[in-house]
Amino acid sequence: MGKYFNFFAFIFFLASLIYSFYNIIKSFDFVKEIYFNTGIFALIFLNLSLFFSLFKFKSTKNYPKILGFFATFWSVIHFLNYFIFDRNAQISRLLNDILFHFLETTGFIAFVIICLMFLSSFNYFKKIHKIRKLGYLCLVIASYHYFLSPKIPMFWEWSALIIAMIYFILRYIKNLRFCFYQN
């Protein structure tokens with residue numbers, strides 16, 4: 001079953017690439033379309049990764065890792081689009097946005113967490129493996145970043161935030177129960 005899932009996950013990733021490329025080519029504003037597609041697919045793959053991590057089915061133990069790789073890919077493209085096209089690759093403008101604009105702050109925090117989680121999956125960075133426990137917090141922050149992006153949040157923005165909060169609560173209720181039952 002694992003081989004088939006890896007194949008289907010890769011096909012889904014390729015489909016997301018083709019879909020994004022098609023939308024970008026036919027759009028008028030390339031940068032805006034890249035923002036939207038990369039952000040949405042980063043959020044989708046992060047959601048899927050954490051879903052399989054939350055509900056630890058015996059046959060799905062490797063699913064979060066491959067889906068997390070795809071989420072990291074999309075989030076890196078999302079960040080590079082912002083940094084190169086919006087901020088003209090100027091560190092000073094990037095830091096100004098991160099320090100003074102909440103939308104950019106939430107996006108950057110989620111980006112740093114997901115990149116650290118990605119690095120922790122390699123043997124060389126095993127010492128930071130505990131950063132993976134922040135995955136659900138990363139999802140909440142990334143969903144909040146998506147929630148802040150439009151002027152008026154609509155159904156999809158609210159849905160992403162609510163699903164992230166449900167994952168977060170389900171994950172950490174288990175920890176709270178464990179703490180209370182030990183005492």
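Alanine 42 is found in helix α2 (residues 30-54); helices (H or I, at least four residues) and strands (E, at least two) are DSSP runs, numbered from the N terminus. The structure is a predicted model, in which local features need pLDDT of at least 70, side-chain atom pairs count only at pLDDT 80 or more, and totals for chains, interfaces and linings use all residues. Residues are numbered from 1 along each chain as its sequence is written, and side-chain values use heavy atoms, with hydrogens and water left out.

With a relative accessibility of 11%, alanine 42 counts as buried. Buried means under 20% relative accessible area, exposed over 50%, and partly exposed in between (1.4 Å probe, protein chains only). Leaving aside neighbours within four places in sequence, alanine 42 is in contact (heavy atoms within 4.5 Å) with Ala71, Trp74 and Ser75. Leucine 67 is 25 residues from alanine 42 in sequence, and the two are 9.7 Å apart in space, C-alpha to C-alpha.

Serine 75 lies in helix α3 and is buried, with a relative accessible area of 11%. Apart from neighbours within four places in sequence, the residues in contact with serine 75 are Ala42, Phe111 and Ile114.

The protein as a whole has seven helices and zero strands, and its elements run α-α-α-α-α-α-α from the N terminus on. The radius of gyration is 17 Å, close to the 16 Å that the globule rule gives for 183 residues, so the protein is as compact as a globular protein of that length. This radius is taken over C-alpha atoms, and the globule rule is 2.2 Å times the number of residues to the power 0.38. Along the principal axes, the C-alpha atoms fill a box of roughly 55 × 40 × 40 Å. Of the 183 residues, 40% are buried. Among contacts with a separation of 6 or more, 62% are between residues 24 or more positions apart.

The protein exposes about 12100 Å², of which carbon and sulfur atoms supply 74%; accessible areas come from the Shrake-Rupley method with a 1.4 Å probe, and for residues only the protein chains shown count as cover. The mean positions of the 18 positive and 6 negative charges are 24 Å apart. Lys and Arg count as positive and Asp and Glu as negative, while His and the chain ends are not counted. The place of a charge is taken as NZ of Lys, CZ of Arg, CG of Asp or CD of Glu.

In helix α4 (residues 91-100), the residues Leu94, Asp97 and Ile98 are buried. These residues cover an arc of only 95° around the axis, which puts them on the same side of α4; the arc is that of the directions from the helix axis to the C-beta atoms. An α-helix has 3.6 residues a turn, so residues three or four places apart point the same way. The buried residues of α4 pack against α3 (63-86) and α5 (102-119). The face turned away from the buried side of α4 carries the exposed residues Ser92, Leu99 and Phe100.

The loop between α3 and α4 contains asparagine 88 and alanine 89. Asparagine 88 has a positive phi of about 50° although it is not a glycine, and at 46% relative accessibility it counts as partly exposed. Alanine 89 also has a positive phi, near 55°, and is partly exposed with a relative accessible area of 43%.
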